[in-house]
Amino acid sequence: MAQELTLLGLESSCDDTAAAIVRQRPGGRAEILSSVVHGQSDLHAPFGGVVPELAARAHAEKLDVCVAAALAEAGLGRAPEAFRVLDAIAVTAGPGLIGGVMSGVMCAKGIALATGLPLVGVNHLAGHALTPRLTDGAEFPYLMLLVSGGHCQFLIVEGPESFRRLGGTIDDAPGEAFDKVARLLGLTQPGGPAVEAEAKAGDPKRFRFPRPLLDRHDCNMSFSGLKTALLRMRDRVVEEKGGLTRTDRADLCAGFQAAVADVLAAKTARALGIYISETAPPVPLIAVAGGVAANQAIRGALETVAEAAGAAFLAPPLRLCTDNAAMIAYAGIERFRLGHTDGMDLSARPRWPLDAGAQAMLGSGRKGAKA
Ligand code: KG4
Ligand code: ZN
């Protein structure tokens, strides 16, 4: 389909309501005309985690507001005239919290019905995995490490709809572990940035954290044991001294963060080895996405591993690493160019693995299905 395409994308699979307009000329780089994200952190803060029912209601309330803002920011004017510029509507159809995904899918169907525009259902993970093409025009095949509050997996991205999962977490996602650790230490949410800030002043060697599953020669990981280890260490210090000092807290954070970074680095080295030997890419590339990729210690460890393997390292800007609708609109463009659209029977899927052939991963995170 050699034509300029302009798509509206909708995202509502977790705790961000988002709408974006992305345009791509044939053979050219995609351009983000607008990207509106309405987060729900304040709404869920009193509960210490995302409450699915509250999330779904908030998505339903905010989706049309975000769509109107995305159309206006893209300079397309107001609905319904603005819809005439569009070629299709892309929407996250899973995996994620089912109420939120349904809100998005119903909103997209409503717009598609009213305007006659084609509907394109997008896998949320495909949105993340294709982001390096949106931001940097990455060529297939590249290796992707998704590390967020709900996901953790290595994918060889072979084509717009062709993903091979090499492995992932068998329990918690790393971001989820950071959030739980922050809660155990009385730090603010989201836990990742708070733990990273504390860790800066800490000694990573004082507490001896395990490095789970490094003895297994696959690309699977486990992070839930690290948070249990931290809980025990915290309780021991509290028992001995009657409380935690700032130094204790910083050392616990530094030890935990170093363990996560070591596990991710070691498994990344393994995944890079498989990707390079099996696909022989002309220019090996590893890209990261997800909120945890913002962590400087983890990012540094991954960059070192990539350099040692002779691979380029790509970390898209944080606003495109975390949940957003530009990645959904872009993944929609890639699907639409293949001639793939969906009908009014498009369903919302809480679980939707990108690689249907891969073995199922265990567990479902606090922020939804890991898939
Ligand atoms: O990608 P994201 O915004 O949402 C999804 O989970 O899909 O990722 C959010 C997660 C949270 O668990 C948060 O604690 C973590 O990413 N995170 C970090 C950092 N910044 C955000 N984890 C470690 N270090 C950080 N600097
Ligand atoms: Zn995500």
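**Ground rules.** Residues count from 1 along each chain as written, chains are lettered from A and ligands numbered from 1 in written order. Since the model is predicted, local features need pLDDT of at least 70 and side-chain atom pairs 80 or more, while totals for chains, interfaces and linings use all residues; side-chain values use heavy atoms, without hydrogens or water.

**Entry 1: ligand 1.** I looked up who sits around ligand 1 and got 19 residues, where being near takes a heavy atom within 4 Å. Gly149, Asp179, Gly192, Glu196 and Gly291 are the closest. Next I checked polar contacts (N or O atoms paired within 3.5 Å). One ligand oxygen is 2.7 Å from a polar backbone atom of glycine 149, and for glycine 150 the oxygen-to-backbone distance is 3.3 Å. A ligand nitrogen is 3.0 Å from a side-chain N or O atom of asparagine 295. On its own, ligand 1 exposes 550 Å², and the protein buries 91% of that (Shrake-Rupley areas, 1.4 Å probe). Helices H5 (174-184) and H6 (191-199) each give two or more residues to the shell; helices are DSSP runs of H or I with at least four residues, strands are E runs with at least two.

**Entry 2: zinc.** What holds the zinc ion (ligand 2)? I found His124 (NE2), His128 (NE2) and Asp323 (OD), at 2.2 Å. Donors here are N, O and S atoms within 2.8 Å of the metal (3.2 Å for Na, K and Ca), and water is not included, so the site may look incomplete. Both histidines lie in helix H4 (residues 124-136), 4 residues apart, about one turn of the helix. Histidine 124 is buried at 1% relative accessible area, and histidine 128 is buried at 1% too. Buried means under 20%, exposed over 50%, partly exposed in between (1.4 Å probe, protein chains only).

Entry 3: Most residues other than glycine have a negative phi, and most peptide bonds are trans. I found a cis bond from phenylalanine 140 to proline 141, omega near -10°; proline 141 is in the loop between H4 and strand S6 (142-147). Glutamine 189 and proline 190 are also joined by a cis bond, omega about -5°, and proline 190 is in the loop between H5 and H6.

Then I checked for positive phi. Leucine 213 has phi near 65° and is buried at 17%. Alanine 280 has phi near 40° and is exposed at 59%.

Technical notes:
Polar contact = N/O pair within 3.5 Å; in protein donor to acceptor, adjacent residues only side chain to side chain.
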